[in-house]
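Visitor: Could you walk me through this one? I would like to start with the ligand.

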Amino acid sequence: MGKIKDWHQIKGPRGSWLSGNLKEFQKDPLLFLTQLSNVYGDVAKFRFGPFQKVYHVSNPDLIKEILVSKQKNFIKSKDLNVLKDVVGEGLLTSEKEMHLKQRRLIQPAFKKTHITQYAQDMIDVTANYISDWEDGREYLMSKEMMNVTLGIITKTMFSMDFKEGSEAIGQPIETYMKLAVKRMRAIVRLPLWLPTKNNKSYKKSIHILEQTLTNIIEDRRKSDERNEDLLGMLMKARSEVDGLRMSNQQLMDELMTIFLAGHETTANALTWTLFLISQHPIVMKKLNEEINEVIGDRNIQPDDFSKLTYTQNVFWESLRLFPPAYVIGRQVDSDVEIGDYVFKKGEMILISPYVVHRSPLYFEDPTSFIPERFEKDLLKTLPSFAFFPFGGGPRVCIGNHFAVMEAVLVLVSIFQRYHLTLAPDHHDVKPQPLITLRPKQGIRMIVTKK
Ligand code: HEM
């Protein structure tokens, strides 16, 4: 083991005395972080503003220490506090005992066995939605995938149908997300009581969401109907610690959290996958062959999932190249040694699945789309945090199995009925890293019936 290095010995780019490296980061976080890893290796330092010390960590073994073995020394990054306006102390934003207690309560609703029960809803919502696609028409696929995942999450969560869910939840959440990103990225965050136009729409969208969820929860409490949707599961769950069920406020925070964490991420992952498939005719051919073999012309069923291994690998490979959660942030809560480094309380850590997933140290031909690489147990030959689109440790994505099941069923539903091509006059497709990694200006595709 070498000598332990702290802020003073760790290397990194020089920034301006006032903003540090915030401008370069905000301009193109993917490029900035990739370059840090190329130039400085496993750990690089930089600053946000004059005081906030930040490290970028890109070595899988060190990442494992941060997310798993020494996770108790970290909390989530302060940036997430903006989300608390709407998700309160839900799973995504809570810490320590509160997080552990809620995670234990909610985990059963996301077990593999339970997700198979949501699978039929996923299939029905998708079939229903895409049956309206017109032969030969161009669609903004990023928007279409948002609608499909919105339909799926509202149906699996509250047994609500798409149209109802879209008006009550989809639109306010879109406004909220746009403004939340602005607030997160603002150097000076204006207090919410200032009556600016943005503040007003921000507060209004939160108010509508809260109102809608309160109504849904109260209606459910009043009715005798026993429902096995996510809300039903969460209402039934009792804490092992105090035997109590969740209050209305807790339920609301958790529902909002699941909504926020699960809807846009999966939609973006699906959009990237459709784009990548459209650019790789051989992958498209193999995907179609698998669909013909496993399903043919009959309706898709939940238990087809396990047989659709090529489709699963296509999705994994897409998550490798375009992980929607492209950066995971932590703040040091108590001084900690990670490998040969010491990180001090208050310092921030950024970890980027995007950067690690594209490193030639772990992946051959790292920028090419090759789903076959996931055959033959690739993941067993890699360090455990060389591929981690869902994070890891106690805060690993609770919806990981849900997301993969959903994505595979949506992809197969689409390709069983349609052929998709990129619009002929399409602009260059570039990633836009907002809260999640999405294609800039969306992806337009022509849909042809099979
Ligand atoms: C492809 C789709 C998805 C990706 C790439 C993704 C990625 C992630 C990642 C990387 C984290 C960990 C963040 C951290 O450690 O700071 C996370 C957490 C979380 N995700 Fe996902 N997610 C996806 C879909 C979903 C879905 C469908 C749901 C719910 C239905 C969901 C719910 C959550 C929740 C509640 C957390 C917080 C867990 C905790 O802190 O205990 N996600 N997700």
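Guide: One term to begin with: a polar contact is a pair of N or O atoms within 3.5 Å; within protein, one must be able to donate a hydrogen and the other to accept it, and residues adjacent in sequence count only if both atoms are side-chain atoms. This is a predicted model, where local features need pLDDT of at least 70, side-chain atom pairs count only at pLDDT 80 or more, and totals for chains, interfaces and linings use all residues. Residues are numbered from 1 along each chain as its sequence is written, and side-chain values use heavy atoms, with hydrogens and water left out.

Visitor: OK, how far is a polar side-chain atom of Arg-330 from an oxygen atom of the ligand?

Guide: That distance is 2.8 Å. For Arg-103, a side-chain N or O atom is 2.7 Å from a ligand oxygen. Leu-91 takes part through a backbone N or O atom, 3.3 Å from an oxygen of the ligand.

Visitor: Which elements give two or more residues to the shell around the ligand?

Guide: They are α5 (96-106), α11 (248-278), β5 (328-332) and α16. Helices (H or I, at least four residues) and strands (E, at least two) are DSSP runs, numbered from the N terminus. The largest share, 7 residues, is from α11.

Visitor: New topic. Where is His-357 found?

Guide: His-357 sits in helix α14, residues 353-357.

Visitor: Is His-357 buried or exposed?

Guide: His-357 is buried, because its relative accessible area is 0%. Buried means under 20% relative accessible area, exposed over 50%, and partly exposed in between (1.4 Å probe, protein chains only).

Visitor: What lies 3.5 Å from a polar atom of its side chain, the one of His-357?

Guide: The backbone oxygen of Leu-319. Beyond neighbours within four places in sequence, His-357 also has contacts (heavy atoms within 4.5 Å) that include Phe-363, Phe-387 and Pro-389.

Visitor: And Val-447, which strand is that in?

Guide: Val-447 belongs to strand β12, residues 444-449. Val-447 counts as buried because its relative accessibility is 0%. Leaving aside neighbours within four places in sequence, Val-447 is in contact with residues including Trp-133, Tyr-139 and Tyr-418.

Visitor: How far apart are Val-447 and Asn-199?

Guide: They are 248 residues apart in sequence and 39 Å apart in space, C-alpha to C-alpha.
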